[in-house]
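Work through the following exercises with the sequence and the model at hand. Each one sets a task and is followed by a solution in steps.

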Amino acid sequence: MSGPVQRLGQRPTRARRVGTGIVGLTVSGIAIAVLVTNIDIGETAETLSQTNLWFVAATMLLVPAQVLLRTLRWRLLLPPKADGHRPSVGRVMPVLLVGYLGNLILPGRLGEPARAYLLARREQLGFAVVLGSVLLERVIDLASLAVVGVWAALQSGAPEWLVRGMTIVAVIGFALIVVLVASGISRSVRLMARLLGTRAVRLRAATDQAIKFGEGANGGGWGPLAGALVLSTITWFFVAGTYWLSAQALGIDIRISASMLVAAVATLGTAIPSAPANIGTYEAATVIVLTALGVPAHEALAMALLTHAIVTVPFAIMGAVAVTQLSISLVDVADEATAALPAPTPESP
């Protein structure tokens, strides 16, 4: 059992966050400029003005199910506490929501290490182990999304480049899962430590943390992995339902498979460095796939803007409530998480 989280030294986290933020703002600015230059904003606004709010309200009914499924998935991959039990759903959910809020308003997806650090601190778990579980969760999310995306691309008659792209992502995702669950990180670190011999002693702190990280990324083996994959797949169909309802709200006629493909590409697009809440890059990714499916550009941008609000605002509100409930400062937690990331610490042989 890993010990409680410890700080491993302070780093210039705020300066790094500012630098990452500048890069993200630049990328988002370019994406927005391209969209505004090539799409009729007046027609986009006209399409949005005719939104059927009943369909928008229906999308809100899918949000609680998504939150619960994602909470169950992460809990399934978490290491047990000292009493042998994993943290309860009620303890995991608010921390997960804090992490999602961090991803929305902080650069560099700092919500991921922030939620790992916060849960490790609250539940007296090792930070490196919990951070490893977050990595595995994100990889499972990516792989399951890509697989469903391949199915969606084939069903919706998407261009060959979309099918191939989703297939490549799926293969990479499952390859990473195999490496992580087979404890590839821990095994590799231990092998390197043996090869380095006495020289590895000076990197003992970083080596120990890397091994614990690998143990966390193992996720408890193939059983929890299978459960997490099932939960992820179900979650993505709920997300597809959100996109389909959004399309109906705007009078855009697309199938559920096309909605899933849009969700997959838009979500993968959030991996690109961007401004908070993925402004610009999310819209660009959504417009690219919708226009490839034959949707007019102004309608595609209208759907991108509407779905972005639908998949962002509820999580932002719930994240803010969770921050208040836990009585924490999100920025401080993110700084502490970054400072607690493993770093080489010289030790005497």
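**Exercise 1.** In this predicted model, determine how α11 and α12 are oriented relative to each other, and describe the contact of α11 with α12.

*Solution.* Begin with the axes of α11 and α12, which come within 8 Å and cross at roughly 105°. Angles from 65 to 115 degrees count as roughly perpendicular, and α11 and α12 are therefore roughly perpendicular to each other. Next, find the residues that make the contact: α11 contributes Trp 236, Phe 237, Val 239, Ala 240, Gly 241, Tyr 243 and Trp 244, while α12 contributes Ile 256, Ser 259, Met 260, Val 262, Ala 263, Ala 266 and Thr 267. Finally, sort the residues of the contact of α11 with α12 by class, which gives 11 nonpolar, three polar and no charged.

**Exercise 2.** Carry out the analysis for α3 and α11, starting from the angle at which their axes cross.

*Solution.* The axes of helix α3, residues 53-60, and of α11 cross at roughly 170° and come within 8 Å. Because angles over 145 degrees count as roughly antiparallel, α3 is roughly antiparallel to α11. On the α3 side, the residues in contact are Phe 55, Val 56, Ala 58 and Thr 59, and they meet Thr 242, Leu 245, Ser 246, Gln 248 and Ala 249 in α11. By class, the contact of α3 with α11 holds five nonpolar, four polar and no charged residues.

**Exercise 3.** Describe how helix α6 and helix α7 pack, including the hand of the crossing.

*Solution.* Helix α6 spans residues 111-123 and helix α7 spans residues 127-155; they pack at an angle of about 135°, with their axes 8 Å apart. This angle makes α6 oblique to α7, and the crossing in which α6 passes α7 is right-handed. From α6, the residues Glu 112, Pro 113, Arg 115, Ala 116, Tyr 117, Leu 119 and Ala 120 meet Phe 127, Val 130, Leu 131, Val 134, Glu 137 and Arg 138 in α7. In the contact of α6 with α7, nine residues are nonpolar, none is polar and four are charged.

**Exercise 4.** Locate the largest pocket and work out which helix gives the most to its lining.

*Solution.* The largest pocket has a volume of about 810 Å³. It is lined by 31 residues, of which Arg 109, Arg 138, Trp 236, Thr 267 and Thr 270 are the closest to its centre. At least two lining residues come from each of α4, α5, α7, α11, α12 and α14, and α14 gives the most, with five residues. By class, the lining of the largest pocket has 16 nonpolar, nine polar and six charged residues.

How values were computed: Residues numbered from 1 in each chain as written. Predicted model: local features only at pLDDT ≥ 70, side-chain atom pairs only at ≥ 80, totals over all residues. Heavy atoms only, no water. Axes fitted to C-alpha atoms, helices over the stretch in contact; angles between N-to-C directions. Helix = DSSP H or I, 4+ residues; strand = E, 2+ residues; numbered from the N terminus. Parallel < 35°, antiparallel > 145°, perpendicular 65-115°, else oblique. Left-handed = near helix turned anticlockwise from the far one by under 90°. Contact = heavy atoms within 4.5 Å. Nonpolar A, V, L, I, M, F, W, Y, C, P; charged D, E, K, R; others polar. 1 Å grid on protein atoms, 1.4 Å probe; cavity = no way out; pocket = protein on both sides within 12 Å on 5 of 7 lines; lining within 4 Å. Points joined across faces, edges and corners; volume = space filled by probe spheres on them.
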